[in-house]
Amino acid sequence: TLPVYQRQLFPERVLGEAAAIPEKSGETLYENDGVRLWKLAAVDAGIGIISIKSKMHAIGAEVIEGVMAAVAQAEAEAGLSGLVLWHESPFAVGANLAQVAEVCSAGDFAKVDSFVAAFQQATMAIKYAQVPVVAAVQGMALGGGCEFAMHAAKRIMALESYAGLVEAGVGLIPAGGGCKEFALQAAEWAAHTAMPGEVFPFLQPVFMNIATAKVSKSALEAIEMGFAKASDTILFNAHELLHVAIKEARAMADAGYAPKQPARGIPVAGRAGIATLEMTLVNMRDGGMISTYDYQVARAAAIALCGGEIEGGSQVDEEWLLTVERRLFVELLKNPETQARIKHMLETGKPLRN
């Protein structure tokens, strides 16, 4: 009966207690094989909750389809003012590698391109939804899960949150908008300096995090690494995540939330930035710190972060950056080395350094 426990909508159960189970709670508004959109009328009937249902909350085709349908329903339904992306830990472990491997073995790379394009549409739907989308993050938010969180209007994070773009571990690069978001961040950071077009200094640390698949050790470090923002909320007690996220979505909606417009005129580092990052990679490769194929994967990440092999200082839009990401992702997936890494990860759960 203490007020503190009112913030714990699904508290830890004590021995013998028959507490509410999230999967069976609330009113279901939409559901498919990968996602459930529901609401808790007792807390706020106007805020929808998107919960991923897959094992370890891996993001497959059915999850992507479900997220887009849930966002579209929230935008169309007058009764919903906001959305919260929440389920029990982990937040999401990334793309469904089994689905990716299956398409690879069939050699259907056009289908891979369509899958990545749909993934990008889902993250952009989250970012530019007509209602605020708040990500409630706990535990691992890796790869595509991290990209989902990065595109939310705000993040409510448990202190014990481990975020990272870890695609390099399976021979790929972030292609759900992760590289694009960092290119945007670099442009925003540079805009507040004396040289607004000089984005490269802000890309260098980000590049190393992606190239080495570095994961934050806490929500605080996730902010330092750029996976979250200083304005996001960090909670010590993870059982309060859903309560705070719903309240945050309600506050944003009541304050007259209006989504940002898609960014245009984004300055990128281009060829000069790629060449500078490549020098770092050459030293790492020749020094035995990374393999030859690590070099190839990291170079692809450099190209995506720098906006493609175009003139430095060129201005592009988000669609351009997404296209560059997607093209590089599919090219890497065609390599036997990447396919071997994916197979090894599925079989052993550990990265292969080939």
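This is a predicted model: local features need pLDDT of at least 70, side-chain atom pairs count only at pLDDT 80 or more; totals for chains, interfaces and linings use all residues.
Which hand does the crossing of H7 and H10 have?

**View 1. Helix H7 against helix H10.**
The crossing of H7 and H10 is right-handed. The two axes, H10 covering residues 270-286, come within 11 Å and cross at roughly 35°. From H7, the contact uses Phe200, Gln204, Phe207 and Met208, while H10 brings in Gly273, Thr276, Leu277, Thr280, Leu281 and Met284. Sorted by type, the residues in this contact come out as six nonpolar, four polar and no charged.

**View 2. Helix H7 against helix H11.**
H7 (residues 200-211) also meets H11 (residues 292-305), and here the axes come within 10 Å and cross at roughly 140°. This crossing is right-handed. On the H7 side you'll find Leu203, Val206, Phe207, Ile210 and Ala211, and on the H11 side Ala298, Ala301, Ala302 and Leu305. The contact of H7 with H11 is made up of nine nonpolar residues, with no polar and no charged ones. Phe207 turns up here, and Phe207 is also listed in the contact of H7 with H10.

**View 3. The seven-stranded sheet.**
In what order do the strands of the open sheet run? They go S1-S2-S3-S4-S5-S6-S7, with mixed pairing. S1 and S7 (233-235) sit at the edges with a single partner strand each, so one side of each has no neighbour in the sheet. From one strand to the next, the twist averages 25°. Helix H2 (residues 61-76) packs on the sheet, where H2 touches S1, S2, S3 and S4, and the direction of H2 makes about 120° with that of S1.

**View 4. Strand S2 and its two partners.**
S1 (residues 27-31) pairs with S2 in the antiparallel sense over four bridges, and a hairpin of three residues joins S1 to S2. Look for tyrosine 30 opposite leucine 37 of S2. S2 also pairs with S3 (residues 47-52), again in the antiparallel sense and over four bridges, with valine 35 opposite isoleucine 52 of S3.

Why is S2 (residues 35-39) described as largely enclosed by the rest of the structure? Five of the five residues of S2 are buried, so the strand is largely enclosed. Val35, Leu37 and Lys39 point one way from S2, Arg36 and Trp38 point the other way, and all are buried.

S4 (residues 82-85) and S5 run in the parallel sense and share three bridges. With S6 (residues 154-164), S5 pairs in the parallel sense over eight bridges. Leucine 142 has glycine 164 of S6 as its bridge partner. To get from S5 to S6 the chain goes through helix H5 (residues 144-151), giving a right-handed β-α-β crossover.

How many residues of H5 are buried? Eight of the eight, leaving H5 mostly covered. They are Gly144, Gly145, Cys146, Glu147, Phe148, Ala149, Met150 and His151. One of these, His151, is also among the residues that lysine 127 touches.

**View 5. Lysine 127.**
Lysine 127 belongs to helix H4 (residues 109-127). Is this lysine buried or exposed? Lysine 127 has a relative accessible area of 16%, and the cut-off for buried is under 20%, so lysine 127 counts as buried. Leaving out residues up to four places away in sequence, lysine 127 touches His151, Lys180, Glu181, Leu184, Tyr257 and Glu318.

**View 6. The S6-S7 pairing.**
S6 and S7 pair in the parallel sense over three bridges. To find the spot, look for alanine 158, which stands opposite leucine 235 of S7. S7 is one of the edge strands, each with a single partner strand, so one side of S7 is left without a neighbour in the sheet.

Notes: Residues are numbered from 1 along each chain as its sequence is written. Side-chain values use heavy atoms; hydrogens and water are left out. Two strands pair if DSSP finds at least two bridges between them. Helices (H or I, at least four residues) and strands (E, at least two) are DSSP runs, numbered from the N terminus. A crossover is right-handed if, with the strands pointing away from the viewer, the path from the first strand over the helix to the second runs clockwise. Axes are lines fitted to C-alpha atoms, for helices over the stretch in contact, and angles run from 0 to 180 degrees between N-to-C directions. A crossing is left-handed if the near helix is turned anticlockwise from the far one by less than a right angle, and right-handed if clockwise. Contact means heavy atoms within 4.5 Å. Ala, Val, Leu, Ile, Met, Phe, Trp, Tyr, Cys and Pro count as nonpolar, Asp, Glu, Lys and Arg as charged, and the others, Gly among them, as polar. Buried means under 20% relative accessible area, exposed over 50%, partly exposed in between (1.4 Å probe, protein chains only).
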